[in-house]
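Here is a short note on the model you sent over. The points are numbered so that you can check each one against the coordinates.

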Amino acid sequence: MMGSTERILTRRYDAQKPLLLSTNKAFADWGQVFPHAACVVTLVDRLVHRAEVIEIEAESYRLKEAKELSATRSKQRRTKKH
């Protein structure tokens, strides 16, 4: 039996409709992304069959923001102690 994610992807694939996905997981890790998928290999195969895969090698914007916030808070704590 297909899960809702699989049904959506299959409908979009069969209708040749566009689909945009973004993830920080490699295809090899998609078993974690779609844990209930009957066959993750088939799912990934359908996604990349007519796809343009764009890999972005960059630091996460949220991670960068979190580091900046942490540095600011740390600086504020040091300032309060003096």
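1. A residue counts as buried under 20% relative accessible area, as exposed over 50%, and as partly exposed in between. Glu68, at 44%, is therefore partly exposed. Keep in mind that this is a predicted model.

2. Start with the salt bridges. The structure holds 2 of them. One joins Lys64 to Glu68, with the closest N and O atoms 3.2 Å apart. Both residues sit in helix α4, 4 residues apart, which is about one turn of the helix. An α-helix has 3.6 residues a turn, so residues three or four places apart point the same way. Lys64 is partly exposed, at 40% relative accessible area.

3. The other salt bridge pairs Glu59 with Lys67. Here the closest N and O atoms are 3.8 Å apart. The cut-off for a salt bridge is 4 Å, so this pair qualifies. Side chains of opposite charge can pair when their charged atoms come close.

4. Where does Glu59 lie? Its place is in the loop between α3 and α4. Glu59 is partly exposed, with 47% relative accessibility. Setting aside neighbours within four places in sequence, Glu59 is in contact with Lys64 and Lys67. Lys80 is another matter: Glu59 and Lys80 are 21 residues apart in sequence and 31 Å apart in space, C-alpha to C-alpha.

5. Now helix α4 itself. The helix spans residues 61–81, 21 residues in total. From first C-alpha to last, α4 reaches 31 Å, close to the 30 Å expected at 1.5 Å a residue. At the start of α4, a side-chain oxygen of Ser60 comes to within 3.3 Å of the backbone nitrogen of Arg62.

6. Arg77 also belongs to α4. Arg77 counts as partly exposed, at 49% relative accessibility. Arg77 and Thr23 are 54 residues apart in sequence and 35 Å apart in space, C-alpha to C-alpha.

7. Which residues of α3 are buried? In this helix, residues 40–49, they are Val40, Leu43, Val44 and Leu47. These residues cover an arc of only 95° around the axis, which puts them on the same side of α3. The face turned away from that buried side carries the exposed residues Val41 and Asp45. The cover over the buried residues of α3 includes α1 (4–14) and α2 (30–33).

8. The largest nonpolar core has 7 residues: Leu9, Trp30, Phe34, Val40, Leu43, Val44 and Leu47. Helix α3 gives the most to this core, with 4 residues. Phe34 is one of the core residues. Leaving aside neighbours within four places in sequence, Phe34 is in contact with Thr5, Val40 and Leu43.

9. One backbone point to check. Gln16 has a positive phi of about 55°, although Gln16 is not a glycine. Gln16 is placed in the loop between α1 and α2. Is Gln16 buried or exposed? At 59% relative accessibility, Gln16 counts as exposed.

Conventions. Residues numbered from 1 in each chain as written. Predicted model: local features only at pLDDT ≥ 70, side-chain atom pairs only at ≥ 80, totals over all residues. Heavy atoms only, no water. Buried < 20%, exposed > 50% of the residue type's maximum accessible area, 1.4 Å probe, protein only. Helix = DSSP H or I, 4+ residues; strand = E, 2+ residues; numbered from the N terminus. Arc of directions from axis to C-beta. Contact = heavy atoms within 4.5 Å. Expected span 1.5 Å × (residues − 1). Polar contact = N/O pair within 3.5 Å; in protein donor to acceptor, adjacent residues only side chain to side chain. Salt bridge = Lys/Arg side-chain N within 4 Å of Asp/Glu carboxyl O. Core = buried A, V, L, I, M, F, W, Y, C linked by side-chain atoms within 4.5 Å.
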